[in-house]
Amino acid sequence: MRLKESVLIDAGTGLANQEIIREIQNDLKNTLSCILVTHHHADHTGGLFCMKKFFQAEVVVPREERRSIEEADETANGLEIARRAGYYPADYKWKGCKTDQTAEPGECFRISDEEILVCDGAGHSLGGVCYYFPRKKMIFVGDLLMHGGRINLQNIPGADIHRYAESIVALESIEVEQFYPGHGCFSLHHGKEHIEKAVQTFKSLSIPPNFF
């Protein structure tokens, strides 16, 4: 009997790889075949090399951030300044990871029996993306948007408030029930509410409250 595939969204900092791997193994009853990366910041990609190697999973990354992920470019992904600001230990190292496929806004691809639409997620980072699963009305937005319609705009390379607004407003056109941000609370129902709050704020020419 062929088992269905499972997908991991992002890979954490890499500071607790073995613990995360054990939890994944305990929870999964099938194959972890793919890791979908929302953006190149180290708290989402630091564990990527280890996860890919252990599970032999394919890695899908945003097209505009592929080079920084593969080359471990700490300037491009903001790790240098984030480490200096105290967000990471002084000795924290980020290892690059070979990728298998790129994701670009507007593309659709399939994993097992699931269709996945790639949505624009730029603004928090240079070229981040969101992954939308139409059949389940489920979206993974990375750090673009948080619970309550908050954004995550920081003084880091690639952050752009105008691109941020474009990405958020574009999400208004899709039907969302389950809403999964990269940090904080998520919603299993009525997830579109978080998007609509941010959209209305941007459309009034204001800026939504920040997550930090």
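This report covers helix packing, nonpolar cores and selected loop residues in a predicted model.

## Packing of H6 and H7

Helix H6 spans residues 161-170 and helix H7 spans residues 192-203; the two pack with their axes 9 Å apart, at an angle of about 130°. Since angles over 145 degrees count as roughly antiparallel and those of 65 to 115 as roughly perpendicular, H6 is oblique to H7. The crossing of the two helices is left-handed.

On the H6 side, the contact is made by Ile161, Tyr164, Ala165, Ile168 and Val169, which meet Ile195, Ala198, Val199, Phe202 and Lys203 of H7. By class, these residues are 9 nonpolar and 1 charged, with no polar residue.

## The nonpolar cores

The largest nonpolar core has 19 residues, and within this core Ile139, Leu145, Ile168 and Leu171 touch the most other members. Two or more residues each come from strand E7 (129-133), strand E8 (138-142), H6 and H7. H7 gives the largest share, 4 residues.

Leu171 is in contact with Cys119, Ile139, Val141, Leu144, Lys192 and Ile195, leaving aside its neighbours within four places in sequence. Another core, of 16 residues, lies apart from the largest one and includes Leu8, Met51, Phe55 and Val61. In soluble globular proteins, nonpolar side chains tend to be buried together.

## Packing of H1 and H3

Helix H1 (residues 17-27) and helix H3 (residues 48-55) cross at roughly 40°, and their axes come within 10 Å. Angles under 35 degrees count as roughly parallel, so H1 and H3 are classed as oblique to each other. The crossing is right-handed.

From H1, the residues in this contact are Asn17, Gln18, Ile20, Ile21, Ile24 and Gln25; from H3 they are Cys50, Met51, Phe54 and Phe55. The contact holds 7 nonpolar and 3 polar residues, and no charged ones.

## Burial of H3

Leu48, Cys50, Met51, Lys52 and Phe55 are the buried residues of H3. Their cover includes strand E1 (5-9), H1, E2, H2, strand E3 (58-62) and helix H4 (66-71). Met51 and Phe55 also belong to the core of 16 residues, and both take part in the contact with H1.

## Loop residues

Thr38 is in the loop between strand E2 (31-36) and helix H2 (42-45). Its relative accessibility is 2%, so Thr38 counts as buried. Apart from neighbours within four places in sequence, Thr38 is in contact with Ile9, Asp10, His44, Pro62, Gly128, Val129, Tyr131, Phe140 and Gly142.

Most residues other than glycine have a negative phi. Gln56, although not a glycine, has a positive phi of about 55°. With a relative accessible area of 64%, Gln56 is exposed. Lys137 also is not a glycine and has a positive phi, of about 50°. Lys137 sits in the loop between E7 and E8. Its relative accessible area is 32%, so Lys137 is partly exposed.

Terms used
Residues numbered from 1 in each chain as written. Predicted model: local features only at pLDDT ≥ 70, side-chain atom pairs only at ≥ 80, totals over all residues. Heavy atoms only, no water. Axes fitted to C-alpha atoms, helices over the stretch in contact; angles between N-to-C directions. Left-handed = near helix turned anticlockwise from the far one by under 90°. Contact = heavy atoms within 4.5 Å. Nonpolar A, V, L, I, M, F, W, Y, C, P; charged D, E, K, R; others polar. Core = buried A, V, L, I, M, F, W, Y, C linked by side-chain atoms within 4.5 Å. Buried < 20%, exposed > 50% of the residue type's maximum accessible area, 1.4 Å probe, protein only.
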